[in-house]
Amino acid sequence: MRDKKGHFDIMIIGAGVVGCAIARELSKYKLDVAVLEKEDDVGWGTSCRNTGVVHAGFGVPPGSLRAKLCVEGNINFEKLCQTIDVPYKKIGKLTVAKEEKEIEGIKKLEKQGKKNRVKDLVIIGEQELNKMEPNIRGVAALYSPNSAITVPYLLTIALAENAYKNGVQFLLNTEVVNIEKNSYSPDFEIITKKGKFYANYIINSAGLYADQIANMVGIKKYQIYPCRGEYYILDKNASGIVNHLIYPAPQEETGGWGTHISPTIDGNILIGPSAEYIKEKFNFPKIFIFHNIKLFFCSNSIEFESEYNRNFEKADTPMVFNSST
Ligand SMILES: Cc1cc2nc3c(=O)[nH]c(=O)nc-3n(C[C@H](O)[C@H](O)[C@H](O)COP(=O)(O)OP(=O)(O)OC[C@H]3O[C@@H](n4cnc5c(N)ncnc54)[C@H](O)[C@@H]3O)c2cc1C
């Protein structure tokens with residue numbers, strides 16, 4: 001079987017951060033490994049379109065695999081970034097309670113974090129918050145010094161390059177359209193737009209399309225509900241307005257993380273994301289109105305238009321930022 005053309009021990013489907021990290025890890029072993037990716041390059045999915053936060057692990061349910069991996073990942077991330085030469089900055093995160101009634105929410109997060117064994121979490125009062133972040137208003141905050149930032153696309157590319165150097169094959173522009181498994185063969189037959197491949201094992205890291213890949217081998221229990229998010233990106237001259245990742249206290253009515261303020265490694269500030277459930281998985285519209293941002297804990301020194309029309313034909317549409325008022 002091993003001599004069959006296009007045969008691999010392990011075939012990874014999807015070259016996002018997950019597929020590339022798995023490829024790098026497997027490249028440490030004597031295995032024939034390949035990655036199939038439908039796009040022109042690695043990381044064209046969610047992996048290069050996110051906030052770049054290395055979470056500490058207090059926001060995920062205790063006892064879950066996600067909590068375990070998030071906490072372990074946070075501890076090991078700095079070393080990984082050093083090894084593969086990816087920027088990393090431990091800037092810390094403040095989850096801000098704007099009013100007294102929100103303090104309970106950040107206390108719950110602290111408790112959850114401690115259950116998950118997140119280190120060094122502490123609740124700080126208004127004065128301390130004001131010292132750390134003069135532009136942010138709040139009565140208390142959960143401070144997580146181990147939350148960090150990285151550059152998501154550089155991370156994905158570096159993982160892929162390291163795996164490639166170690167012998168993993170990357171087959172780009174190669175969309176998987178079906179998978180077959182015959183009882184007479186131990187191999188999976190993977191049918192792509194560029195021909196057939198064979199593998200003893202398949203790893204499904206197809207991100208938004210992972211449910212479709214699972215379906216191809218008869219696993220019907222997963223369904224992905226795509227959710228689109230948009231950010232404001234502030235100009236670099238605004239880079240000093242916050243020093244930490246700034247998140248709102250948990251919002252019962254919205255769920256999720258809420259709109260947060262995130263410094264990037266490059267010195268911009270991201271504000272967002274919004275959250276909009278959509279039907280199609282790959283839907284980046286030319287014109288999209290990003291509105292109803294609730295920057296309820298920001299100081300008066302930051303003003304935004306309530307609606308910012310992201311229309312590439314009107315690229316000059318100004319977003320009001322005034323640091324002097
Ligand atoms: C707005 C937003 C902000 C986020 N911020 C953060 C953050 O700050 N920190 C954090 O840790 N996480 C964050 N996340 C989550 C994080 O981005 C994702 O968990 C992660 O990128 C998922 O990576 P992935 O490799 O599983 O998926 P993807 O990056 O989507 O990769 C899947 C790959 O599979 C390929 N593929 C799909 N179908 C096929 C097929 N049939 N054949 C071949 N290839 C295929 C795709 O083209 C794609 O390249 C955020 C997510 C969003 C949406």
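Visitor: Which does C81 count as, buried or exposed?
Guide: C81 has a relative accessibility of 1%. Buried means under 20% relative accessible area, exposed over 50% and partly exposed in between (1.4 Å probe, protein chains only). At 1%, C81 therefore counts as buried.

Visitor: What pLDDT do side-chain atom pairs need in order to count?
Guide: Residues are numbered from 1 along each chain as its sequence is written, and side-chain values use heavy atoms, with hydrogens and water left out. This is a predicted model, where totals for chains, interfaces and linings use all residues, local features need pLDDT of at least 70, and side-chain atom pairs count only at pLDDT 80 or more.

Visitor: What pLDDT does the protein average?
Guide: The pLDDT is the predictor's confidence in each residue, from 0 to 100. In this protein, 84% of the residues score at least 70, and the average is a pLDDT of 87.

Visitor: How many contacts does the stretch of residues 286–325 have beyond near neighbours in sequence?
Guide: Residues 286–325 have a pLDDT below 50. A contact means heavy atoms within 4.5 Å. Beyond near neighbours in sequence, the number that residues 286–325 have in the model is 87.

Visitor: What share of contacts in the protein between residues at least 6 apart in sequence join residues at least 24 apart?
Guide: Buried residues make up 44% of the 325 residues in the protein. Among contacts between residues at least 6 apart in sequence, the share that join residues at least 24 apart is 67%.

Visitor: In which helix is C81 placed, and which residue is 7.7 Å from C81, C-alpha to C-alpha?
Guide: C81 belongs to helix α2, which covers residues 65–84. Leaving aside neighbours within four places in sequence, C81 touches V86, P87, Y88 and T150. The residue 7.7 Å from C81, C-alpha to C-alpha, stands 74 residues away in sequence and is L155.

Visitor: At what angle do α2 and α5 pack?
Guide: F77, L80 and I84 of α2 meet L155, A158, L159 and N162 of α5. Axes are lines fitted to C-alpha atoms, for helices over the stretch in contact, with angles from 0 to 180 degrees between N-to-C directions. The axes of α2 and α5 are 10 Å apart, and the angle is about 60°.

Visitor: Which residues of α5 make the contact with α1?
Guide: From α1, the contact is made by V17, C20, A21, A23 and R24. From α5, the residues are L155, T156, L159, A160, N162 and A163.

Visitor: Which strand holds L171?
Guide: L171 is buried, with a relative accessible area of 17%. Leaving aside neighbours within four places in sequence, L171 is in contact with A34, V35, L36, E37 and F197. V42 is 129 residues from L171 in sequence and 9.9 Å away in space, C-alpha to C-alpha. The strand that holds L171 covers residues 169–171 and is β9.

Visitor: What is the phi of R117?
Guide: Most residues other than glycine have a negative phi. R117 lies in the loop between α3 (103–115) and β6 (122–125) and is exposed at 70% relative accessibility. Although R117 is not a glycine, its phi is positive, at about 65°.

Visitor: Where is D120 placed?
Guide: D120 also has a positive phi, near 65°, in a residue other than glycine. D120 is exposed, with a relative accessible area of 51%. The place of D120 is the loop between α3 and β6.

Visitor: What distance separates the C-alpha atoms of E100 and V139?
Guide: E100 is in the loop between β5 (93–97) and α3, and is exposed with a relative accessible area of 59%. V139 is 39 residues from E100 along the chain, and their C-alpha atoms are separated by 6.6 Å.

Visitor: Which is the peptide bond from G272 to P273, cis or trans?
Guide: Most peptide bonds are trans. P273 is in the loop between β17 (269–272) and β18 (276–277). With omega near -5°, the bond from G272 to P273 is cis.

Terms used
Helix = DSSP H or I, 4+ residues; strand = E, 2+ residues; numbered from the N terminus.
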